[in-house]
Every structure is written in C-alpha cells, then in structure tokens.
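Good morning, colleagues. Please look at the screen.

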Amino acid sequence: MPDSRIRRIRESDVDAVAQLVHDLAAYEKAPQDCHLTADRLRTALFGDDPAVFGHVAEQDGEIVGFALWFLNFSTWRGVHGIYLEDLFVRSELRGSGLGKALLATLAKECVDRGFARLEWSVLDWNPATGFYKSLGATPMDEWTVYRLTDTALEKLARLG
C-alpha cells in the first residue's frame, strides 16, 4: 500500500524543495557548489519540455523530504530506468521511514512502467550506504563516475 506521506511534486512545492536541495548541499559539505534556484527547478519540472521529475515527503503539511529523478536508458536491457539524482530527508526525520517510502515509490514507478532499474550515486562517507544495502541495493564498486563541467566541458565542446 502506498505511503500517504509521499506524493508527486507540485509546482507549489518548488520553493520548499529548492531549499531542501541547498540543505542537501550543506549536508554533503559543498554548499558553495549549489546554484539551484526555485525558478530553474520550476522550469526543469514544469516547463515546456520537462525532463526532471520528483516526489516529496510531507509531515504535518510541510515538505520535509524529496526525490528528484530523470529517465536513463539501459542499452543492454533495452528499456528505460530511473536515475535518482537526489534523495533527502531532513535530519530530524531520518529513521522515520520517509526515505524508504520515497525509494519504494520510485521502485513502484519502475515496475509499473516496465523499467529495468533504479540507480543513484552516494558519497562513500554517507552513513546511508548501510540503509541502501539493507534494501538490497548493490554498490557498483567496479564503476567510476566521470564528469565534465565548466572549462573542461567547454573545451571539449569546441571540438564538436
């Protein structure tokens, strides 16, 4: 049975979710790297061609957690999956089941839509790694994430 505290994000939730994204950046010790604005998030979620989706966790009518995700594609399986960009629950509510409920909602989304997998990245030091493993998630230890940003991205783009 779905958890009544979890629902799809609404446009009226965007300001609260943008603030929680900044809270997540502070938790991950990188607040200076978070440049998200509510307007950018609103456009990504509700603009003409949305490519980001989300769910929120509510407690007593207040947004206290979120999951932002987008579709990826498995060439080997030949179907889409969900890539969970960010999952966050306020620290005082961790252990309340909200994180598990958000993940269960995304797992149901995958199963209902015939998607092959639900994936995400987590910092090695994050204590949530134990929680994720308890759900049956498998760390992809043989894979390394690569990223191009800023100057390196622009430099490579000039070759195209």
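The model is a predicted one, in which local features need pLDDT of at least 70, side-chain atom pairs count only at pLDDT 80 or more, and totals for chains, interfaces and linings use all residues. Residues are numbered from 1 along each chain as its sequence is written, and side-chain values use heavy atoms, with hydrogens and water left out.

Let me begin with the annotation. UniProt, in an unreviewed entry, lists residues 4–158 as "domain: N-acetyltransferase"; its positions are given here in the numbering of this model, feature names are shortened, and annotations may be inferred rather than shown by experiment. Over residues 4–158 the chain is 35% helix and 24% strand, with the end C-alpha atoms 49 Å apart. Helices (H or I, at least four residues) and strands (E, at least two) are DSSP runs, numbered from the N terminus.

Now to the sheet. Five strands form an open sheet in the order E1-E2-E3-E4-E5, and the pairing is mixed. At the edges are E1 (6–8) and E5, each of which pairs on one side only. From one strand to the next the twist averages 35°; axes are lines fitted to C-alpha atoms, for helices over the stretch in contact, and angles run from 0 to 180 degrees between N-to-C directions. Two strands are said to pair if DSSP finds at least two bridges between them.

E2 and E3 are antiparallel, with seven bridges, and alanine 57 stands opposite glycine 65 in E3. Helix H1 (residues 14–27) packs on the sheet and touches E2, E3 and E4, its direction making about 80° with that of E3. Contact here means heavy atoms within 4.5 Å.

Next, strand E4, residues 79–89. Eight of its eleven residues are buried, where buried means under 20% relative accessible area, exposed over 50%, and partly exposed in between, with a 1.4 Å probe and protein chains only. Ten bridges join E4 to the antiparallel strand E3 (residues 62–74). The two strands form a hairpin with four residues between them, and glycine 78 in the turn has a positive phi of about 75°. On pairing with E5 (residues 118–120), E4 runs parallel over three bridges, and isoleucine 82 stands opposite leucine 118. E4, helix H3 (residues 98–113) and E5 make a right-handed β-α-β unit: with the strands pointing away from the viewer, the path from the first strand over the helix to the second runs clockwise.

Which residue stands opposite glycine 81 in E4? That residue is asparagine 72, found in strand E3. Asparagine 72 counts as buried, at 17% relative accessibility. Its side chain makes a polar contact of 3.1 Å with that of glutamate 119; such a contact is a pair of N or O atoms within 3.5 Å, and within protein one must be able to donate a hydrogen and the other to accept it, while residues adjacent in sequence count only if both atoms are side-chain atoms. Leaving aside neighbours within four places in sequence, asparagine 72 is in contact with His80, Gly81, Ile82, Tyr83 and Glu119.

Finally, the backbone. Most residues other than glycine have a negative phi. Aspartate 60, however, has a positive phi near 55°; this residue lies in the loop between E2 (53–59) and E3 and is exposed, with a relative accessible area of 78%. Aspartate 150, in helix H5 (residues 150–157), has a positive phi of about 50°, and is exposed at 59% relative accessible area.
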